[in-house]
Amino acid sequence: MLFQLEDVTKTYGPVTALNQLSVAVPTGAIGLLGPNGSGKTTMIRALLGLIALESGSGSVLGMDIGRRQLDIRRDVGFAPEDECLFPHVVGIGFVAYAGELVGMRRTDALQRAHEVLDYVGLGEARYRKVESYSTGMKQRLKLASAIVHDPKLLVLDEPTNGMDPAGRQEVLDLTRDLAHNKGMSVLFSSHLLPDVEFVCDYVIVLGAGRLLAEGKIQELKQVHYQSFEVRLKADMGPFARRLAAVGCSVAEREDVLVVGIPDGQSPRLLWEAAAGEGEQIRYLRPQRSTLEEVFLDAVNNTGERG
Amino acid sequence: MPIFDQGYQHWSGQLAGHAWRWLAITRHGLRVALAGRATRLMLFVAVLPALLLAFVLAMWGLLEQKSDLITAIMPMMGFLDPAILAGPRPYRVEIWTISYSYFLRTETWLAMVLILFIGPNLISQDLRYNALPLYFSRPLRRIDYVLGKLGVIVALLGSVIIVPAIAAYALGIVFSLDITILRDTVRILLASVAYGVVISISAGLLILALSSLSRNSRYVALFWIGMWFVTSSVAGVLEAVNVEQRVHDAVRAATAGEAPSDEQAAAERDWRPLVSYTANLRHIGECMLGTDKAWEKLIKLQPKNTRQMSRLVVLGSQTPWYWSVAVLAALMVFSICILNFRIKSLDRLK
């Protein structure tokens with residue numbers, strides 16, 4: 001188990017940031033999703049033992065978050081969301097200092113800083129003052145300083161915020177490589193669903209401080225065997241009307257029709273309708289939920305319950 | 001598939017425990033501070049008084065031995081009383097005490113300047129560049145952070161006050177060639193080291209508190225100058241007004257045929273020197289060294305009619321030492337409260 005929380009509640013004055021949150025997450029690449037104010041950052045702070053909880057308990061890497069905060073922070077690498085720098089140092093000094101703060105010896109930290117700066121692609125800029133770095137370079141610098149001590153768990157809070165597409169892809173590639181090829185567990189908090197989907201295998205969806213959904217992304221993106229995406233060679237209008245006439249639900253999405261066939265019917269209905277209109281079916285596959293749909297469903301269901 | 005992956009490599013070294021984690025902050029702070037040419041120059045200047053102290057103690061050692069080496073410069077030592085020149089050993093403690101007193105007084109002033117160079121950046125720059133999340137997301141507590149920053153001040157002030165004081169002491173011992181000097185003067189060494197610690201911690205906490213109040217280190221420097229110069233100036237003005245008043249009262253009492261007021265008691269009750277931060281520091285230093293007692297012994301060598309004037313010139317504030325300690329302690333508590341309020345861990349950061 002990577003981490004678990006049980007009945008965790010945290011309030012800031014009248015605002016309940018975490019509301020009896022219980023979650024247990026396996027090792028691997030974990031995406032943390034949720035709208036603004038859903039409690040993502042508070043959950044990260046709870047995991048790092050940075051906040052006092054009103055109630056509940058939990059552990060990270062088998063260590064109690066109430067008693068072993070410093071040990072947890074030693075074994076975890078964290079890159080905060082905000083732009084933050086150790087001032088007046090060059091890149092190599094920045095990363096080495098981050099290593100020293102975790103407890104590395106100066107010589108080890110320097111050697112390791114060179115390695116991780118090369119890894120994140122900042123090798124050429126290692127002797128430049130960090131104040132002169134671009135936004136993308138600063139994000140990669142934060143990533144380098146978070147992994148300098150080779151943590152067991154890397155926590156990234158909105159790591160692609162404010163980055164251009166190329167820089168964003170570089171950070172995603174690095175994070176994915178760490179999670180999938182280097183055996184490092186990653187907790188990746190982001191608003192950007194494609195980013196989470198690219199990096200993570202497992203996702204947690206938070207809303208109003210509660211757990212809305214969790215599971216492996218591939219399982220959450222379930223296949224709907226009574227719903228199909230269909231594309232024809234020619235005009236889809238008559239085909240759609242014919243399907244509607246036999247009781248199918250039909251919706252047009254971009255260049256495909258999403259057809260829901262009635263219970264008890266088979267996809268044969270689609271072939272028969274196409275044959276009846278003299279059309280060729282060029283594309284047909286069972287509909288699969290996107291991560292966006294999973295997220296929106298989870299959030300909307302909570303809204304309805306609320 | 002590459003034969004050797006030059007990408008990410010795992011690291012299997014040992015991490016140190018938590019107890020000395022603050023030392024990493026101190027080391028980093030020193031590296032940043034010493035990267036500035038102005039700071040290095042200031043450190044060099046601050047060490048110069050120690051060279052003078054060492055020279056004086058060495059000369060005194062030679063004088064005690066009546067060494068031939070000192071004969072050549074004897075005419076230049078006319079400022080010393082002939083009784084001292086004739087038999088220097090009984091005045092050993094007094095001369096050492098007064099030498100250290102001048103040294104520490106000078107270093108107090110230089111320490112204020114040195115802090116002006118290095119202190120303002122210590123926390124204000126971290127606030128400006130939002131570095132606190134980087135610290136507190138690592139295995140550090142707020143106390144580690146403050147200790148680490150305080151360590152920068154203590155290390156630099158220690159290097160210009162404590163280390164030179166010890167080095168000069170060792171040199172003085174070497175030149176005296178008399179083992180009894182250790183017994184006579186070890187108290188001076190301990191007082192100097194203790195005073196160095198007091199000034200480092202007091203001034204360190206104060207500049208850290210000021211540094212945490214603004215993201216702009218120029219403002220912090222102005223706060224510090226205000227704390228140093230303005231309080232000294234205000235204390236000076238208040239004391240001048242007080243002296244004027246006492247003279248006026250004395251003249252009035254003499255005219256009216258009344259008994260003169262007790263000047264010593266009035267001096268002991270005078271709270272005005274307490275307004276100055278540096279005067280409080282100096283007063284504690286003088287009390288630790290026992291400077292007034294040393295001066296009293298030397299003043300007794302002078303003609304009776306000049307003794308009172310000499311006392312006025314050389315003796316420091318007559319207020320009880322614990323008043324100054326109370327003022328400094330209150331300032332330190334206030335500084336700690338400010339630091340506690342301003343240095344927020346991540347649970348209180350945005």
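1. Basis. This is a predicted model, in which local features need pLDDT of at least 70, side-chain atom pairs count only at pLDDT 80 or more, and totals for chains, interfaces and linings use all residues. Residues are numbered from 1 along each chain as its sequence is written, with chains lettered from A and ligands numbered from 1 in the order in which they are written.

2. Chain B overall. Chain B has 16 helices and 0 strands. Helices (H or I, at least four residues) and strands (E, at least two) are DSSP runs, numbered from the N terminus. Of its 350 residues, 37% count as buried. Buried means that 20 or more other C-beta atoms lie within 10 Å of the residue's own; exposed means 12 or fewer, and partly exposed is in between, with C-beta atoms placed from the backbone. Among contacts in chain B with a separation of 6 or more, 87% link residues 24 or more positions apart. A contact here is a pair of residues whose C-beta atoms, placed from the backbone, lie within 7 Å.

3. Helix H16 of chain B. H16 covers residues 321–342, 22 residues in all. From first C-alpha to last it reaches 32 Å, close to the 32 Å expected at 1.5 Å a residue. The expected span is 1.5 Å times one less than the number of residues. Its buried residues are Ser324(B), Val327(B), Leu328(B), Ser335(B) and Leu339(B). They sit on the same side of H16(B) because they cover an arc of only 110° around the axis. The arc is taken over the directions from the helix axis to the C-beta atoms. The face turned away from that side carries exposed residues, including Tyr322(B), Val333(B) and Phe341(B). The buried residues pack against H8 (142–160), H10 (180–211) and H13 (277–289) of chain B.

4. Open sheet of chain A. Six strands run in the order S6-S7-S8-S3-S9-S10, with mixed pairing. Pairing requires at least two DSSP bridges between two strands. S6 (76–79) and S10 (210–216) of chain A are the edge strands, each pairing on one side only. The twist averages 15° from one strand to the next. Axes are lines fitted to C-alpha atoms, for helices over the stretch in contact, and angles run from 0 to 180 degrees between N-to-C directions. S9(A) (residues 202–207) and S10(A) are antiparallel and joined by 6 bridges. Ile204(A) stands opposite Glu214(A) in S10(A).

5. Hairpin of chain A. S12(A) (residues 249–253) pairs antiparallel with S13(A) over 5 bridges. The two form a hairpin with 2 residues between them, and Glu254(A) in the turn has a positive phi of about 50°. S13(A) also pairs antiparallel with S11(A) (residues 223–232), over 4 bridges. Leu257(A) and Val259(A) make up the covered face of S13(A).

6. Contact between the chains. Chain B gives 29 residues and chain A gives 33. On the side of chain B, H1 (22–34), H6 (121–128) and H7 (132–136) each give two or more.

7. Cores. The largest nonpolar core has 155 residues. Such a core is a set of buried Ala, Val, Leu, Ile, Met, Phe, Trp, Tyr and Cys residues joined through C-beta atoms within 7 Å. Residues with the most contacts inside the largest core include Ile30(A), Phe188(A) and Ala111(B). Apart from it lies another core, of 12 residues, among them Phe239(A) and Leu270(A).

Conventions
Two residues are in contact if their C-beta atoms, placed from the backbone, lie within 7 Å.
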